[in-house]
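Have a look at the model, try each task, and then follow the solution.

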Amino acid sequence: MISTESNLVLVGVNHKATPVEIREKLAFNQVKLEASLEHLVRCPEIVENIILSTCNRVEIYARVENTDQGIQLLKDFICDYHGLSRGSLDQYFYSYRDNQAIEHLFRVSSSLDSMILGEAQILGQVKDAYNTARASSSTGLVLNQLFEKAFNVAKKVREETGISERGVSISSAAVELAKKIFDDLENHSVMLVGTGEMAELAAKHLISYGVKTVYVASRTYERAISLAQTLNGCALDFDAFKEELYRADIVITSTSAPKFIINKEMIEKAIHKRKNKPIFLIDIAVPRDIAPEVNDLENVYLYDIDDLQNVVNANMEERQKEAENAMEIIKQEVAKFNNWFSILDAVPTIIEMRNRAEEMRKIEVEKTLKNLSHLSKNDQKAIHQLTQSLVNKILHKPTINLKKKIQSKDGHVYLQAIRHLFHLDD
Amino acid sequence: MDKISFNLSLFSYLMASLGYFVYLAYRRPLVSTFAGWMVAFGLVCQTVTIGIRSSQTGHGPYTTSFEVALFLSWLMVVVYILAEWKYKIKDLGAFVIPLVFIVLLFSAFLSKETALVPESEVRFWLTMHRTLSIMGYAAFSIAFAAGIMYLIQEHQVKTKKLGIMYFRMPSLEVLDNLNFKVIMIGFPLFTLGFMTGSIQNTEMNQPFFSWDLTRTLPLVATWLIYCLIFFGRMAVGLRGKKAAQGAIFGFITVIGTYFLHIL
């Protein structure tokens with residue numbers, strides 16, 4: 001009856017070891033997810049379960065009666081459900097139990113196990129999986145607590161490490177820089193010189209962060225017009241853009257011109273006209289469109305494609321470093337969750353111990369009261385109260401200490417001792 | 001009693017400074033909350049110190065060098081709390097509170113003797129002069145901190161070396177704006193302080209321009225620096241790096257002037 005293990009198991013495949021051809025075969029259809037969950041929870045082996053199915057992973061978290069059998073059962077279920085034979089798929093599955101399963105979930109929800117470290121989407125997907133499982137009543141006390149904890153851990157990791165702080169694509173790094181220069185991007189303007197695909201992408205990214213005014217200049221005026229229409233901006237004549245540079249807070253160049261089309265004097269003039277309001281120049285053209293010495297001007301910030309790529313690389317490295325800090329947080333939280341779980345383990349014993357004591361108290365008090373029939377009702381009540389509080393007082397410290405001790409390494413010894421001393425396993 | 005509250009405030013600001021440094025480096029929300037409470041507690045203790053001192057001397061905390069440092073650091077905290085509340089720049093604390101701590105620590109070594117202020121018209125003008133000037137200085141100290149933060153951030157963006165501070169510190173726009181706003185408030189206060197100071201001098205029956213040159217010249221220089229920043233911003237768009245450098249240079253002059261007064 002005593003279990004010091006949580007009996008949690010996890011079976012799954014993910015992007016690290018399983019090619020997409022296999023993953024897509026094993027994915028669970030969101031619409032039929034509830035039926036799958038219900039099917040699983042009807043198995044007598046499985047107490048609770050949650051299915052997480054995204055494009056990068058398929059995982060089933062479950063609390064089972066027996067971990068070895070549980071793992072086999074879940075693997076069989078995934079294969080049977082998709083009408084596949086297990087033989088060829090066995091190599092792709094990973095399975096974890098107890099602490100490792102808890103750690104894995106915390107890693108997944110904190111986006112440490114994602115293809116792009118620190119991406120935000122996975123947490124939402126884990127939340128959805130949990131909500132669906134809750135709605136179909138396939139979860140219980142332990143998985144509920146575990147997943148709620150996982151969300152807290154993810155939040156903590158996000159807040160206390162820089163894991164999702166840094167952009168890891170060219171356009172997100174550019175947006176980040178723009179925000180570090182201008183803060184709020186609303187009421188700021190962007191000018192595209194050249195209509196390259198990357199420039200368009202970066203512009204769209206900026207617009208999604210609030211940039212309102214967009215100018216587009218291109219050697220072919222028609223292309224400028226059509227891109228201006230998609231971006232809800234206005235087209236400029238290519239010869240005119242140099243005079244209009246001062247209007248733009250952010251300039252993105254991506255022309256195929258063989259030589260620099262923007263030089264120091266042009267920006268100097270623009271910045272003067274802007275009364276020194278900063279300009280952020282993003283040159284993603286190769287060969288470059290903007291003369292590098294432009295960056296020497298005050299309040300002018302010039303980044304070319306290599307600069308941005310360097311920022312992205314550094315950010316990736318930083319995320320990797322932050323992942324180590326995140327792992328520390330996760331290790332602590334796994335330990336905390338185990339504490340909760342071990343206390344949970346002690347709860348039935350504590351209840352039994354108290355029930356046993358209460359039983360004895362009742363029997364003894366009633367025996368005594370039989371011989372004291374002259375006592376009034378109130379007096380009898382007082383005796384009951386007295387003995388009750390006596391029992392409570394005596395059991396109070398053992399209860400507290402058991403809850404404390406159960407969290408230690410040899411906690412189950414205490415649990416066993418209590419059961420033995422109080423004759424709970426007769 | 002005032003000694004206890006003084007030491008308590010000194011200790012609180014030290015703890016708050018350490019807290020803000022830790023927050024800047026490790027981003028632990030609990031630490032920043034702790035630092036915030038430490039600042040609040042320090043301010044309460046310092047207010048008690050000032051209250052006790054003023055009830056003993058019978059006038060505001062602005063006559064001796066000790067009182068000026070005490071009052072200046074108190075106002076710096078007040079302005080900091082207002083700026084933090086308005087702009088939500090948590091890391092400002094890592095730059096302002098250590099400065100507050102240094103000013104307060106410095107004041108601990110100054111003579112605690114009290115000075116008499118004559119009951120007369122002079123007293124009013126002296127109060128006005130000192131209070132307004134110190135309020136201006138407190139604002140300038142925040143501009144100084146914002147200026148340093150601006151230079152750090154600007155350097156990173158310009159040289160394309162985006163270190164940890166790049167991500168932790170606010171945008172150039174916010175820092176430049178804060179720098180400008182506090183000088184916008186500080187400069188008129190300082191100017192009024194300057195003017196009431198001259199009135200006080202005349203009230204004391206000293207000719208308008210007979211002040212000690214070594215003392216007044218730096219004051220005039222300080223005023224000119226902030227005047228340049230103030231009108232430069234309004235008229236020709238002096239901003240960014242130059243404005244930040246100006247605010248730093250200006251505050252260094254303020255400190256220099258203070259030391260000239262002590263010597």
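Predicted model: local features only at pLDDT ≥ 70, side-chain atom pairs only at ≥ 80, totals over all residues.

**Exercise 1.** Find which residues in helix 2 of chain B meet which residues in helix 3 of chain B.

*Solution.* On the helix 2 side of chain B, take B:Val39, B:Leu43, B:Gln46, B:Thr49, B:Ile50 and B:Arg53; they meet B:Glu67, B:Leu70, B:Phe71, B:Trp74 and B:Val77 in helix 3 of chain B (contact: C-beta atoms, placed from the backbone, within 7 Å). Next, sort them: seven are nonpolar, two polar and two charged.

Residues are numbered from 1 along each chain as its sequence is written, and chains are lettered from A and ligands numbered from 1 in the order in which they are written.

**Exercise 2.** Work out how helix 7 of chain A is placed against helix 12 of chain A.

*Solution.* Start with the axes of helix 7 (residues 170–182) and helix 12 (residues 305–370) of chain A, which come within 9 Å and cross at roughly 95°. Helix 7 of chain A is therefore roughly perpendicular to helix 12 of chain A (65 to 115 degrees). Finally, list the contact: A:Ile170, A:Ala173 and A:Ala174 meet A:Leu308, A:Gln309, A:Val311, A:Val312 and A:Asn315.

**Exercise 3.** State how many helices and strands chain B has.

*Solution.* Chain B has nine helices and zero strands (DSSP runs: H or I, at least four residues; E, at least two). Its C-alpha atoms fill a box of roughly 60 × 50 × 30 Å along the principal axes.

Technical notes: Contact = placed C-beta atoms within 7 Å. Nonpolar A, V, L, I, M, F, W, Y, C, P; charged D, E, K, R; others polar. Axes fitted to C-alpha atoms, helices over the stretch in contact; angles between N-to-C directions. Parallel < 35°, antiparallel > 145°, perpendicular 65-115°, else oblique.
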